[in-house]
Structure formats: structure tokens, C-alpha cells
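Me: I would like to learn how to read a structure like this one, feature by feature. Could we begin with a helix and work outwards from there?

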Amino acid sequence: MEGLLENRVALVTGGGSGIGRATAMRFHNDGAKVVVVDRNEKAAIEVAETICSSGGDAIAVVADVSCEKDVEKMVTAAVERYGALHAASNNAAYSSGFKELTAWTVEEWDKIQDVTLKGVWLCMKYQLPAIEQAGGGAIVNIASVGGVRGEAKMAPYSSAKGGVIALTKTAAAEYAQRGIRINAVAPGGVRTPSIEHYFKILPQEKDATIATHAMRRLGEPEELANAVSYLLSDRASFITGHVLNVDGGILVNPHNL
Ligand SMILES: NC(=O)c1ccc[n+]([C@@H]2O[C@H](COP(=O)([O-])OP(=O)(O)OC[C@H]3O[C@@H](n4cnc5c(N)ncnc54)[C@H](O)[C@@H]3O)[C@@H](O)[C@H]2O)c1
């Protein structure tokens, strides 16, 4: 799959950890110049430096995707450094805890929506004109199986991810004739720091979570990054407004139906 993103400038939010980190490395291995965005400065720099030290070209940009000024600055930094933006994966998201729908507070609801849904909209608001200016390209937003089918005890997060899917389809419709394809990837359980943290708090959930996957295992961040890179590449040239479930078969597991 080497070279899928040759001569492209590709940005990933939440690029400092997990799926975002694997995506930044995939972008590099596929030939792109990489813009690693994270609110965690140390993590973003570590990933950009890893790419540069293995012969690639990357910059780290510190930004909180829920802050409009930061998002504008992030796109400006990419264009100033590399002259254009062609591809983006809007991957940063936030959730906290697990409780029934009636137990969430308005503050918790707003914070989760702010990063997970509004953040994706803000990113596209500034990425789309830059990508159009560059002559076209593609965006992949990271949703979740929880946004496709709902997720008990995660009302704010699963609604935000459902919103990401609707937003992806809306953007795809608006930009289909303007040279920009917009798709979503919906991960199942993926072995990243956030799911490891979840299993630390609720160890009894580990086996049950794995069992929801028809393949009886979690995904690796690299397996998600492969799907993102494919959808951003010209190999996916007739695909837009699609939600690709990369979920080890959660949605076809007869035990979940
Ligand atoms: N890991 C899973 O099982 C799983 C399942 C379904 C969906 N997802 C989705 O995949 C994406 C990546 O998840 P992950 O498990 O790799 O997460 P992770 O926790 O390993 O990494 C997330 C990164 O995003 C950064 N980030 C968080 N809030 C930010 C903000 N406001 N602005 C900028 N950066 C911010 C964090 O600093 C971190 O580096 C998320 O959208 C998540 O909802 C993950």
C-alpha cells in the first residue's frame, strides 16, 4: 500500500495517540507530508519527530478541536508550512464515564458534544475551503459503532458519533461536485490507551466487550489507519458519504442482534 498518498499534505487530529497516531504513521508510510494535531503538545511533537527521524516530513500543531481559533490556526499552519492541504482525518473525540441517560449532567453533555461533534464540524469548516483551494481531496471523519447502533450508558458520546455520521453525509452531498469526497470510519473496539483505560476501570467488561466482536478480538490502531488511508486515496475515487464499519464484525455478530 506504499505511496497511496504520495505528494499529499494530510492532517490528523488527535494524532498524538491510538488510532490518530497510527494514522499519522500510515500517512507517512503512504508518502504524505503529515500535520499531526493534538491538544497534548508532547504527544504531537513525539509523533512528528518519529516521522521526521524516519526520513519523513511532519509538523506538530497544538490545537483543541472544540476551539474555533485553534482550528483556524491548525489549517493555516498546514497551508503555511506545506502550501496546501489535500486530506484530513478528524479523529479527536472526548467521552467520560458510563451512566444511564438520565444521570448525565448538562455540563457533561455539552463537553462531549463540543469536542466529539462540534469539533468535527469546526475542522471541516476550515479544512473544506483549504482543500478546495488545493484543487480537491478527501476527508475521513472517525465515528463509532456506537454512533451507528447506539451504545447503552454512553448517551452523549453515541449521539455525538451519530451526529458525525449525519454531518459526514451532509458534507459529502454538498461537496460531491466540488472535488472533495467525505466519508466516515466507524471503529469497533480498538486496542488504544482509551480502551485500556476503560478496561482498567471496569475489568469485568473486557471479555464481554471482546465477545461482542464476531472475530472475538479487538482491532489494532493500524487496521483503522489502513481504512482511513484507503478512503483518502484515489483508490476510493467513487466513494463519498459512506460509513465504513471497521469493527471485527460487531454489527453482524448474531449474539448482538
Ligand atoms: N478505541 C476504540 O475502541 C474506539 C472505538 C470507537 C471509536 N473510537 C474513536 O476513535 C478515535 C480515536 O480514539 P482512540 O481510542 O485512538 O483515542 P486516544 O484516547 O488513544 O487518543 C485520542 C487523542 O485525541 C486527543 N484529543 C482529545 N481531545 C482533543 C481535543 N479536544 N483536541 C485535540 N486533540 C484532542 C488526545 O490528546 C489523544 O492524543 C476517537 O474519535 C474515538 O471516539 C475509538
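This is a predicted model: local features need pLDDT of at least 70, side-chain atom pairs count only at pLDDT 80 or more; totals for chains, interfaces and linings use all residues.

Me: Why is helix 1 described as largely enclosed by the rest of the structure?

Reply: Helix 1 is described that way because 11 of its 12 residues are buried. Just after helix 1, Gly31 takes a positive phi of about 100°.

Me: Which residues are closest to the ligand?

Reply: A residue counts as near a molecule if its C-beta atom, placed from the backbone, lies within 6 Å of it. Here 30 residues surround the ligand, and the closest are Gly14, Ser17, Gly18, Ala93 and Thr192. The elements giving two or more residues to this shell are helix 1, helix 4 (106-133) and helix 7 (193-201).

Me: How should I read the nonpolar core, and which residues have the most contacts inside it?

Reply: In soluble globular proteins, nonpolar side chains tend to be buried together. A nonpolar core is a set of buried Ala, Val, Leu, Ile, Met, Phe, Trp, Tyr and Cys residues joined through C-beta atoms within 7 Å. The largest one has 76 residues, and those with the most contacts inside it are Ala10, Val34, Val35, Val36, Val37 and Val185. Helix 4 gives the most to this core, with 10 residues.

Me: Where are Lys153 and Arg216 found, and is each of them exposed or partly exposed?

Reply: Most residues other than glycine have a negative phi. Lys153, with a positive phi near 70°, is found in the loop between helix 5 (145-149) and helix 6 (155-175), and is partly exposed, with 13 other C-beta atoms within 10 Å. Arg216 has a positive phi of about 55° and lies in the loop between helix 8 (205-212) and helix 9 (221-232); Arg216 is exposed, with 11 other C-beta atoms within 10 Å.

Conventions:
Residues are numbered from 1 along each chain as its sequence is written. A residue is buried if 20 or more other C-beta atoms lie within 10 Å of its own, exposed if 12 or fewer, and partly exposed in between; C-beta atoms are placed from the backbone. Helices (H or I, at least four residues) and strands (E, at least two) are DSSP runs, numbered from the N terminus.
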